[in-house]
Amino acid sequence: MSVHDSMIDEDHKTLIGMVNELHDAADLGQDYITLSNILHRLATYTQEHFQREEDLMKSIAYPRFKAHKEQHKKLLERVTDLQKELNRARELVAIETAELLRFWLTSHILLSDKHLAETLHGTLVMSKTEQLPTTD
Ligand SMILES: [Fe+2]
C-alpha cells in the first residue's frame, strides 16, 4: 500500500494500526468507553493526517487539491456521524433500561414486596392476596 512518500506512508501505517485496534476491540467485546476512546483517537489522528496531506498539496499547488480535500471532508463527516450513532445507541440502551426498571420496580414493590412484607408482619389479607398476579 506504499505511496512512496515516507511521511504519508508512516501516517497510513499508524491509521491502519488504529483501525485494526478498533476492530479487535469490538471483536473482543470491549466496553463502550474503550471503543469510544479508540474511535476518538482514530478520528483525531485521521483529521491530523488529512491536514498534513492538505498542507503538502497546498505547498505544491496540487491540481487535484479540491477534489482530494472533498474526499477527506466526506470521510470525516461519516466518521462523525458514526460517533454520534454510538453515543445515541448508548443513550437508547440507558433509557430503555431505566424505563424497564421503573415499571418493573413499581409493580414488583406494590405487588410482590408488599405481599412479602404483609406476610412477615402478619397483616396479609388472604382473600385479596390470592388474586394478586406475580411479577416474575
Ligand atoms: Fe488523502
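I looked up confidence in this predicted model first. Helix H4 (residues 126–129) of the protein chain has the lowest confidence, at a mean of 60. Helix H1 (residues 6–27) has the highest, at 96. The score is pLDDT, the predictor's confidence in each residue, from 0 to 100. The protein chain averages 92, and 93% of the residues score at least 70.

I noted the ground rules. Residues are numbered from 1 along each chain as its sequence is written. In this predicted model, local features need pLDDT of at least 70, side-chain atom pairs count only at pLDDT 80 or more, and totals for chains, interfaces and linings use all residues.

Next I checked the elements. The protein chain has four helices and zero strands. Helices (H or I, at least four residues) and strands (E, at least two) are DSSP runs, numbered from the N terminus. The order from the N terminus is α-α-α-α. The radius of gyration is 28 Å, well over the 14 Å that the globule rule gives for 136 residues, so the protein chain is more spread out than a compact globule. I wrote down the terms: the radius is taken over C-alpha atoms, and the rule is 2.2 Å times the number of residues to the power 0.38.

I then took the spans. The C-alpha trace covers about 90 × 25 × 20 Å along its principal axes.

Last, I opened the UniProt record. Its unreviewed entry lists residues 6–118 as "domain: Hemerythrin-like". Such annotations may be inferred rather than shown by experiment. The end C-alpha atoms of residues 6–118 lie 77 Å apart. This span is 92% helix and 0% strand.
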